[in-house]
Amino acid sequence: LTAHPHEKHKLSLKHTAYFVMKRLAVFAAVLSLLSLQTTAQKQANIWYFGNRMGFDFNAGHPQVLDDGAMFAAEGTAVVADSQTGRLLFYTNGLNVWNRQHRIMKGLEKAYPDYCSTRDYQSALIVPMPGSPLRYYLFAIPTIDGVANECKPPTVWQASLFCSVIDMDADNGDGAVVEPATQLQENVTYKMAAVPHANGRDYWLVAHAYNSNAFLVYPVTASGIGEARQHFVGARHEPAVINGDFVSDWDRRGVIKASPNGKKLAVTIQQPFNQITRPLELFDFDPSTGTVSNPVVLSELSWQAGVSFSTDNTKLYVQADKLNSGENRNQQHSTVFQYDLTASSAEAVSASAVSIIVENPRLNDSPNTFASNFMLQLAPDGKIYAPFPTNPPPSDPRFARFIVINQPNRKGIDCNAQAVN
């Protein structure tokens, strides 16, 4: 469909033709949303990501939005009104745009596009308990906290910050009323929010770097509490080959909570085929914030996006499908599905099946699937994955998505489609 400014267009997955955005072919995007429990309240009904594009799920199916003001190479966060589904604000972790698509008042500095955050979970929005018009904005920005300038993408330094946004300010368009303050140094670029079992509060889950410590912050009406450390699972640490430092990409990856808040899935990314990292599944107690019982599902290369199915029974992860002796250009990115209802941890691991590469029902050649991409469970119960292609599409107005139409179903019955 041809897009016109400020108009919405219904996506037709049946005819595999919907407008996406310019230059998405060179970017991966992820929306940092709360657990799917919030979507019943419409807070996740609006998405903005990539190069000024978005989706509107208020009609029950995604309609394309092309009125966004944000360029985001990777991580974004968006929040809509819990009752109406109307956009409130969105962010790439550095700048914040209000519902008028203007830079929100109260920002100390507006950054140019090239300062866009470069990591999958660089921003996260959490409602402030007890204050329905206020929101916490958590961010792991790629900027120099002293000079307040962009860092080059080769510099890896991550600290967790928090700002407060009041939607009652600026005539209802919202404003940043408490500037960013640092919560923690030396973290990975991974975080998630899980609703508390009391139905009122939240848990912010982050991960320390060069450590196996999860950092779990209680978010209550009293504010953000001290982080509780849970030393469990793999260390997220620099990669070493033959005694030499080669990469600190362990900072990159994703923490994702299951819709019922009882599981956490964690990916650890490394860009070297000779280095695989564990895909881990943890138990999470939404009453206490305890992370426990690590299970290594697989050792994977280039793992990135991860998502649970709506019924909590399936886990999907994007990674490379490796073949011995092949280099990176000869491999293909795929999505593996794991059946979490299997009888044991070993059985869950053994249940892995590729739903892209070697899927005879997929309406595409696996040669087009290259690089990393994210997976996001949507309000319509489907999983969406915007991803780069190799080669990129000839028409820059179009790009590709993987849509998992029935993610609760086992194996290739989940009905994955490649959509232009």
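The following legends describe close-up views of a predicted model of one protein chain.

Local features are described only where pLDDT is at least 70, side-chain atom pairs count only at pLDDT 80 or more, and totals for chains, interfaces and linings use all residues of this predicted model. Residues are numbered from 1 along each chain as its sequence is written, and side-chain values use heavy atoms, with hydrogens and water left out.

**Figure 1. Overview of the protein chain.** The protein chain contains one helix and 31 strands; helices (H or I, at least four residues) and strands (E, at least two) are DSSP runs, numbered from the N terminus. Of its 420 residues, 58% count as buried, where buried means under 20% relative accessible area, exposed over 50%, and partly exposed in between (1.4 Å probe, protein chains only). Among contacts between residues at least 6 apart in sequence, 55% join residues at least 24 apart; contact means heavy atoms within 4.5 Å.

**Figure 2. The largest pocket and its lining.** The space in the largest pocket amounts to about 520 Å³. Its lining comprises 25 residues, of which Gln41, Gln43, Ser82, Pro127 and Tyr202 are the closest to the pocket centre. By residue class, the lining divides into 11 nonpolar, 10 polar and four charged residues. Here Ala, Val, Leu, Ile, Met, Phe, Trp, Tyr, Cys and Pro count as nonpolar, Asp, Glu, Lys and Arg as charged, and the others, Gly among them, as polar. The search uses a 1 Å grid over the protein atoms alone: a cavity is a set of points where a 1.4 Å probe fits but cannot get out, whereas a pocket is an open set with protein on both sides within 12 Å along at least five of seven lines, and lining residues have an atom within 4 Å of a point. Grid points are joined across faces, edges and corners, and the volume is the space filled by probe spheres set on the points.

**Figure 3. Strand S30 and its partner S31.** Five of the five residues of strand S30 (residues 400-404) are buried, so this strand is largely enclosed by the rest of the structure. Arg400, Ile402 and Ile404 lie on one side of S30, with Phe401 and Val403 on the other, and both faces are covered. S30 pairs with strand S31 (residues 416-419) in the antiparallel sense over four bridges; two strands pair if DSSP finds at least two bridges between them. Within this pairing, Ala418 in S31 stands opposite Ile402.

Figure 4. Strands S3 and S4 (residues 53-56) pair in the antiparallel sense over four bridges. Tyr48 has Gly54 in S4 as its bridge partner. Both faces of S3 are covered, with Ile46 and Tyr48 buried on one side and Trp47 and Phe49 buried on the other. Three residues lie between the strands of this hairpin, in which Gly50 takes a positive phi near 60°.

**Figure 5. The surroundings of Thr91.** Thr91 belongs to strand S7 (residues 87-91) and is buried, with a relative accessible area of 0%. Its side chain reaches the backbone nitrogen of Gly93 at 2.9 Å. Not counting residues up to four places away in sequence, Thr91 touches Met70, Thr76, Ala77, Val96, Trp97, Ala123, Ile125 and Leu137.

**Figure 6. Polar contacts of Lys190.** Lys190 is placed in strand S13 (residues 187-195) and is buried, with a relative accessible area of 0%. The side chain of Lys190 makes a polar contact with the side chain of His236 at 2.8 Å. A polar atom of the Lys190 side chain also lies 3.3 Å from the backbone oxygen of Arg252. A polar contact is a pair of N or O atoms within 3.5 Å; within protein, one must be able to donate a hydrogen and the other to accept it, and residues adjacent in sequence count only if both atoms are side-chain atoms.

**Figure 7. Asp170 and Gly172 in the loop between S11 and S12.** Gly172 lies in the loop between strand S11 (159-166) and strand S12 (175-185), and Asp170 lies in the loop between S11 and S12 as well. Gly172 counts as buried at 18% relative accessibility, whereas Asp170 counts as partly exposed at 24%. The phi of Asp170 is near 50°, a positive value in a residue other than glycine. Gly172 touches Arg99 and Met167, not counting residues up to four places away in sequence. Gly172 and Leu88 are 84 residues apart in sequence and 9.1 Å apart in space, C-alpha to C-alpha.
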